[in-house]
Amino acid sequence: MPVTKNPYLRYKAIDDRLRNRQRHLPTILDLIDACTRATEHEPSLDTVVKDIKNMRKSFQAPIKYCRSKGVYEYTDDAYRFDGVGLMEQDIDSIKNAIELIQSIGSSRVSDQFEHAMEKVLTAYREKFPQGNFKRQIIQTDAPRDFRGFEHFELFFRAIKDRIPVSIVHYSYSKQVFTSRVIHPILLKEFDNRWYVVAYSEEHNQIRTFGFDRINEPVLVYGDFIGDQSPEVTSFFKDIYGIYPFGDYGLQQIIFDTIPQELAYFRSFPIHESQKFVFVHNTGHARIELNLIPSYELIRLLRSFGSSIRIVEPKWLRQEVTENFKR
Amino acid sequence: MKKSPKSYLFSNVPNEGRSDNPKLLRITITPTHTKVDFGYSTFKSIYTNGGWIQISPETYILSLGNKQKFKLINTKGISLSPNKHYFESLRDWQYYSLYFEAIPFEDGQYNIIEPEFMGDKEELEAVNHVSGGNFDFYNIEIEVRKGMQIM
């Protein structure tokens with residue numbers, strides 16, 4: 001946002017002028033003048049009037065207009081617009097956090113967060129100028145505006161405040177719509193996709209729902225069922241991805257890899273259970289995983305093509321190689 | 001007529017639709033309108049590209065108790081006939097909502113009727129014959145105790 005359009009800088013200018021006891025109480029023209037000095041841009045009368053309204057509403061600023069004298073004043077001397085005591089390192093941390101969230105988060109979350117933080121930072125803007133605040137330092141490949149991400153805030157609130165949610169779910173595989181009431185427990189991100197883990201009344205068990213398959217979630221009153229049990233967190237600890245493949249449970253998965261892939265598996269373990277059974281001096285290696293097989297794991301293993309060979313279990317070898325050819 | 005100042009949502013409302021495609025998913029009763037949510041999947045379509053959907057502006061809710069009609073007042077996600085919402089494949093789907101005048105917040109049975117087909121009657125019958133599709137829904141049962149108050 002250009003400095004001239006940043007309302008917070010004007011709010012700060014208005015606040016400073018109202019608290020300046022060395023000068024007479026300001027008229028609206030005095031406040032316009034204060035804003036002009038602060039932003040090097042003259043705001044319109046309407047803009048400053050709206051700013052005062054916003055300060056009253058958003059910052060609970062006790063600004064009173066005295067009709068007889070045509071001046072503005074604070075009715076509460078104890079009020080402080082910059083009432084949050086932040087140290088320089090606090091400001092830096094907040095700026096870094098905003099920047100980090102802008103980089104790794106999605107637009108809706110980071111925008112809201114930034115809006116709230118800008119309020120806090122406003123009072124300190126003079127001491128801590130914006131500088132390269134908007135300069136991008138981190139770039140991720142998280143897609144923006146993918147289907148369903150608009151539900152993030154609603155589910156976040158549902159989990160935080162323990163609120164049941166009515167959803168319409170569309171199953172890509174069955175091509176069927178269902179109406180369900182779920183009790184969200186956890187938001188899960190995997191491979192740039194977001195999921196809500198929830199107790200499903202219809203299934204009478206905990207299920208995972210992709211945001212992209214959910215239509216129009218609605219918060220409803222009702223008793224909340226389900227808690228963030230240890231089973232939920234341990235389930236995701238033991239799986240690569242989201243959706244289990246079959247009912248195999250925890251499996252020992254062994255595969256061989258060619259030398260060219262060795263560095264990759266060393267640098268990027270598939271899962272925390274990954275172990276090297278042996279590494280031959282040629283670079284050929286045998287790798288072991290202990291996890292719950294998932295669709296996402298099978299997709300990953302297939303992506304290596306002939307660079308790996310599944311040794312155990314046999315059903316997985318068949319699934320990764322033979323069934324892939326269908 | 002009893003009107004609640006609050007809004008209530010009914011999930012998986014019992015009904016006797018002629019098919020499950022489109023599927024009646026939810027009904028929301030508010031003081032100002034009744035919203036009915038549907039889901040349609042193209043997997044049964046006889047068209048290779050999934051065909052199309054539309055809804056007549058004359059569609060209404062009929063109270064089986066006092067025969068009162070509640071007119072369609074808005075739609076979301078579906079075209080009003082003669083316009084059509086076209087699909088691209090047999091793997092497409094559409095979630096859509098019809099907004100009707102507010103029905104009372106009390107136990108009752110209703111039909112949702114699309115009275116006339118604005119396009120080619122023969123084409124509609126041919127499509128319905130193959131896909132089993134028909135829009136009308138009968139004996140939709142609203143039980144107040146099953147409603148969930150919307151937050």
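**Briefing on a predicted two-chain model**

From the N terminus on, the elements of chain B follow the order β-β-β-β-β-β-β-β-β-α-β-β. That gives chain B one helix and 11 strands. The structure is a predicted model. Chain A, for its part, is divided into three stretches: domain 1 (3-74), domain 2 (149-237) and domain 3 (251-325).

**Chain B as a whole**

- Chain B has 151 residues, and 34% of them count as buried.
- Among the contacts in chain B with a separation of 6 or more, 73% are made by residues 24 or more positions apart.

- Strand 1 of chain B runs antiparallel to strand 2 of chain B, and four bridges join the two.
- Within this pairing, Arg26(B) in strand 2 of chain B stands opposite Ser11(B).
- Strand 2 of chain B also runs antiparallel to strand 3 of chain B, to which six bridges join it.
- Here Lys23(B) stands opposite Gly39(B), a residue in strand 3 of chain B.
- Strands 2 and 3 of chain B form a hairpin, with three residues between them.

**The contact between the chains**

- Chain B contributes 16 residues to the contact, and chain A contributes 15 residues.
- On the side of chain B that touches chain A, at least two residues each come from strand 1 (8-11), strand 2 (23-29), strand 3 (33-41), strand 8 (93-101) and strand 11 (148-149) of chain B.
- By class, that side of chain B comprises eight nonpolar, five polar and three charged residues.

**Domains and a sheet of chain A**

- The C-alpha centres of domain 1 and domain 3 of chain A are 65 Å apart.
- Four strands of chain A form an open sheet in the order 9-10-8-11, with antiparallel pairing.
- Strand 9 (275-279) and strand 11 (308-312) of chain A stand at the edges of this sheet; each has a single partner strand, so one side of each is left without a neighbour in the sheet.
- On average, neighbouring strands of this sheet are turned by 25 degrees against each other, direction ignored.
- Strand 9 of chain A is joined by four bridges to strand 10 (residues 285-291) of chain A, and the two run antiparallel.
- Phe278(A) has Arg286(A), in strand 10 of chain A, as its bridge partner.

Note on methods:
Residues numbered from 1 in each chain as written. Chains lettered and ligands numbered in written order. Predicted model: local features only at pLDDT ≥ 70, side-chain atom pairs only at ≥ 80, totals over all residues. Pairing = 2+ DSSP bridges. Axes fitted to C-alpha atoms, helices over the stretch in contact; angles between N-to-C directions. Buried ≥ 20, exposed ≤ 12 C-beta atoms within 10 Å, placed from the backbone. Contact = placed C-beta atoms within 7 Å. Nonpolar A, V, L, I, M, F, W, Y, C, P; charged D, E, K, R; others polar. Domains from an automatic or database assignment.
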